[in-house]
Amino acid sequence: MKAVVFDANVAKYIRTLLLGKISKKFFYNRFSCILLKDIPEPQLPSENYVKIKTTYAGICGSDLNLIFLHDSPSTSPFASFPFVIGHENLGVIVEKGKAVSEFEIGDRVIVDPVLDCDARELPRCSSCQEEEFSTCLNITEGKLSPGTIMGACSSTGGSWGEYFVAHKSQVIKVPATVKDEEAILVDPLASALHPVMRNFPKDSEKVLVYGAGIIGLLVIWSLRKLGSSADITAIAKYDFQADLAIEFGANRVVKPKEGYLDELAKVACAKVFQPMIGDKVLLGGFDKVFDCVGSKKTIRDGMWLTKQRGSYILVGLASTVKDLDLTPIWFKELNVKGAYCYSTENINEYRMSTYQLALSLIQQHGIPYEKLITHYFRLEDYQKAIEVASSKGSEKSIKVVFKFL
């Protein structure tokens, strides 16, 4: 089968980093850590698994972080090389183990990519016992090679390949009423829902969503679809992002230009001060800040834009940040929280997987896929797809997907 494979060693990693300073194309050309290859189809690890033929696969911001080597090497023990990239998925079951009775060959399905204790066929660790699957303690053990999710594990394959395998506990059948283009957005919606559900604002609170890429936009969309009346301010870099942020429910949009901290301070009724050296700081701010970027600037400004004892939620996958001033954490007694993938959420008195919640919201409200999915590519054109997905301003890209024939 054809698949885009990530294979890194120390020499290749360093070479790619150095060549990438010349041109970003060196991060995804034939000399990089990724390559389109013909490889064997993944085999079922046990009779509890199914094999899925991919029909759609998305390019996630985390995939771009991987390709451009923005991820910290500290996470390398929790992946197994080489692996097929891709966790945003939609496909059809083409093979199933003898212990799988819940699904049939031909079923259209999506797969929750988290490789927890259930997927590894191990007794549940303390996190998985609490249904906090994204913080599973056994991500290097069991039936599978190391990997936190599908798309970072050599055993399962990934959605940037023609086939991948999944444990029956990960698989969700897609209702006939949900279109393919809607189903492929379950994963980014779940990534937005997880931090939203864990940090749902009161209607009286002021919320800041920093970044209006696919996750930032879906944070706004999900807040409104879940009934929040909180005052939402979005920070959007580009006009097309700003237009969608307003359409999805933001009360206002601010551009991250010079003087934007003063503009945001007025919204949040905060006070701005100029230190003797460095950028402006604030007293007061927003009740909750969802940082959907995770850069040095957004972390620094996002924390100062959070009010005393407010919540700063890091949704964007930040890595090593050089010379980051952490003063606002202790000075403002902030609640600093992270959000990784998806897990299980509390819905009134019920518990539901984030993936299932995302699918249910799409069933209930639909999702404007025609505005969110901006580009479609064949897998063979993966280099162009990466170019477009990483050039949001010039290409006006939001979600870029591979469509398999």
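Which residues touch the most other members of the largest nonpolar core? The points below start there. The model is predicted.

1. **Largest nonpolar core.** This core holds 95 residues. Trp 160 and Phe 402 touch the most other members. Helix H6, residues 214-225, gives the most to this core. Its contribution is 8 residues.

2. **Second core.** A separate core has 21 residues. Among them are Ala 265, Met 303, Leu 305 and Tyr 312.

3. **Second largest pocket.** Its volume is about 290 Å³. The lining has 15 residues. Asp 112, Phe 133, Ser 169, Gln 170 and Ser 353 are the closest to the pocket centre. By class, the lining divides into 5 nonpolar, 6 polar and 4 charged residues.

4. **Aromatic pairs.** How many does a search of the whole structure find? The count is 12. Two of these pairs are taken up in the next points.

5. **Phe 6 and Phe 81.** This pair is tilted. The ring centres are 6.1 Å apart, with 40° between the planes. Phe 6 sits in strand S1 (residues 2-6), while Phe 81 sits in the loop between helix H2 (61-67) and strand S4 (83-84), so the contact ties together parts that are 75 residues apart in sequence.

6. Are Phe 6 and Phe 81 buried or partly exposed? Phe 6 has 3% relative accessibility and counts as buried, because the cut-off for buried is under 20%. Phe 81 has 35% and counts as partly exposed, because that value lies between the 20% and 50% limits.

7. **Phe 27 and Phe 68.** This pair is edge-to-face. The centre-to-centre distance is 5.4 Å, and the planes make an angle of 65°. Phe 27 lies in the loop between helix H1 (10-20) and strand S2 (34-38). Phe 68 lies in the loop between H2 and S4. The pair links distant parts of the chain, 41 residues apart.

8. Phe 27 is buried, at 10% relative accessibility. Phe 68 is buried too, with a relative accessible area of 9%. Both values fall under the 20% cut-off, so both residues count as buried.

Technical notes: Residues numbered from 1 in each chain as written. Predicted model: local features only at pLDDT ≥ 70, side-chain atom pairs only at ≥ 80, totals over all residues. Heavy atoms only, no water. 1 Å grid on protein atoms, 1.4 Å probe; cavity = no way out; pocket = protein on both sides within 12 Å on 5 of 7 lines; lining within 4 Å. Points joined across faces, edges and corners; volume = space filled by probe spheres on them. Nonpolar A, V, L, I, M, F, W, Y, C, P; charged D, E, K, R; others polar. Core = buried A, V, L, I, M, F, W, Y, C linked by side-chain atoms within 4.5 Å. Buried < 20%, exposed > 50% of the residue type's maximum accessible area, 1.4 Å probe, protein only. Helix = DSSP H or I, 4+ residues; strand = E, 2+ residues; numbered from the N terminus. Phe/Tyr/Trp six-rings, centres within 6.5 Å; stacked < 30°, edge-to-face > 60°.
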